Amino acid sequence: MLEKKTSDHSDNIVAKQIAKQISANGPMSILEYMRIANTAYYNDHDPLGKDGDFVTAPEISQMFGELIGIWMTDIWIRAGHTRNVNYVELGPGRGTLAKDILRTTNSFDFRPAPFFVESSETLRAKQMETLPEANFCHTIDELPEDGPLFIVANEFFDALPIRQFIATHSGWRERVITKDKANKFAAMPGTTAMDNFIPNDIKSAPVDTIYETNPQTSDIIYELINRIKEQGGFLLIIDYGYDASGHGNTLQAVSNHKFANAFEDPGKRDITAHVNFMEIANIARLRDMQLSGPIAQGDWLENLGINVRTENLINSQPDRAEEINAARLRLISEDEMGRLFKVMAIMHSDWPMGEGFKNIIPKIDA
């Protein structure tokens with residue numbers, strides 16, 4: 001049951017590395033394949049913008065970061081103007097979001113110290129140009145241990161490597177990457193039984209059903225929650241994903257603003273998977289955190305006042321009216337980013353809840 005054969009990768013160094021490991025050790029898990037490919041991709045590429053592979057919300061409009069800045073400032077005020085606040089961004093892209101957020105908070109005399117968690121030297125160089133005062137960390141362990149953490153993760157968790165399991169006639173198996181005689185990568189079921197990793201409610205799903213997990217996301221969420229419990233603050237997650245347990249293949253790749261084959265040219269295209277917000281929520285509740293969302297990004301931004309902000313920008317820059325309104329629609333429309341992208345806030349139990357959320361995720365499934 002080989003899938004998605006690809007073109008010869010003889011001129012791709014990352015593909016050669018993966019092929020060599022498969023030859024030496026046998027089929028490679030989707031998790032390891034994605035880890036190797038995305039590490040190389042982000043180390044060597046600036047993937048953002050018209051000349052890159054994709055565009056994120058901060059690059060579409062300043063309004064996105066401004067509204068998050070107001071949302072953060074409101075929490076800071078209601079928390080009693082807490083001192084020594086640290087603004088933390090995971091995977092901050094070019095630093096555009098942080099620049100817009102901090103410009104907004106500064107206007108209210110709220111000046112958190114910025115920390116970027118970034119491992120890509122290519123992107124660090126861009127971030128230093130955008131926000132020279134930023135402090136850089138390779139891992140969460142390097143974040144300051146004093147002062148509340150106001151953590152923002154915009155399109156961060158979708159790029160973390162996932163495991164995939166597939167239902168076969170012989171039971172559940174992990175989905176792995178192999179290569180054929182033409183040296184092309186393809187996905188197939190492994191040989192080891194994996195039924196114990198599958199939730200009871202989908203164990204009897206039809207053959208070829210795919211179930212995904214993201215162990216690195218869970219580890220990071222646990223670590224961040226522990227820090228927030230000790231230091232105060234919140235974690236704001238904005239990403240595309242789903243808010244109910246289930247199954248299905250969400251692995252995808254993007255190249256030059258178009259969907260591409262995830263098993264072709266590893267290291268030269270962005271490989272992602274949808275974020276499981278239910279799993280994140282369950283972890284937060286188990287750790288006694290306050291939880292808001294997930295809510296659709298479009299609804300959240302409208303609740304925070306993006307329509308009013310659009311009008312104000314148009315009034316001040318009438319020659320850009322069409323451009324400004326188009327950016328608003330791209331952020332909030334259901335057929336753009338408004339529905340697929342979701343927003344969730346995990347708060348310290350003693351801190352005020354953030355505004356903009358109308359729905360609270362249900363309690364943990366039994």
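Asp 208 comes out as partly exposed, because its relative accessibility is 42% (buried means under 20% relative accessible area, exposed over 50%, and partly exposed in between, using a 1.4 Å probe and protein chains only). Asp 208 isn't a glycine, yet its phi is positive, at about 85°. You'll find Asp 208 in the loop between strand E8 (185-193) and strand E9 (210-213). Helices (H or I, at least four residues) and strands (E, at least two) are DSSP runs, numbered from the N terminus.

Asp 265 also has a positive phi without being a glycine, here about 55°. Asp 265 sits in the loop between strand E12 (258-260) and strand E13 (270-272), and with a relative accessible area of 23% it is partly exposed.

## Where this comes from

This is a predicted model, where local features need pLDDT of at least 70, side-chain atom pairs count only at pLDDT 80 or more, and totals for chains, interfaces and linings use all residues. Residues are numbered from 1 along each chain as its sequence is written, and side-chain values use heavy atoms, with hydrogens and water left out.

## A cis peptide bond

Now for the backbone at Gly 293 and Pro 294: the peptide bond from Gly 293 to Pro 294 is cis, and its omega is near 5°. Pro 294 belongs to strand E15 (residues 290-296).

## How H1 and H2 pack

Helix H1 (residues 13-25) packs with helix H2 (residues 30-44) at an angle of about 155°, and their axes are 10 Å apart. Here, axes are lines fitted to C-alpha atoms, for helices over the stretch in contact, and angles run from 0 to 180 degrees between N-to-C directions. That's why H1 and H2 are roughly antiparallel to each other (angles under 35 degrees count as roughly parallel, over 145 as roughly antiparallel, 65 to 115 as roughly perpendicular and the rest as oblique).

Who meets whom? On the H1 side there are Val 14, Gln 17, Ile 18 and Gln 21, and they meet Glu 32, Tyr 33, Ile 36, Ala 37 and Ala 40 in H2. Contact means heavy atoms within 4.5 Å.

## The two sides of H6

Which residues of helix H6 (residues 121-130) are buried? They are Leu 123, Arg 124 and Gln 127. These three cover an arc of only 105° around the axis, so they are on the same side of H6; the arc is that of the directions from the helix axis to the C-beta atoms.

The buried residues of H6 pack against H2, strand E3 (113-117) and strand E4 (135-137). On the face turned away from the buried side, H6 carries the exposed residues Glu 121 and Glu 129.
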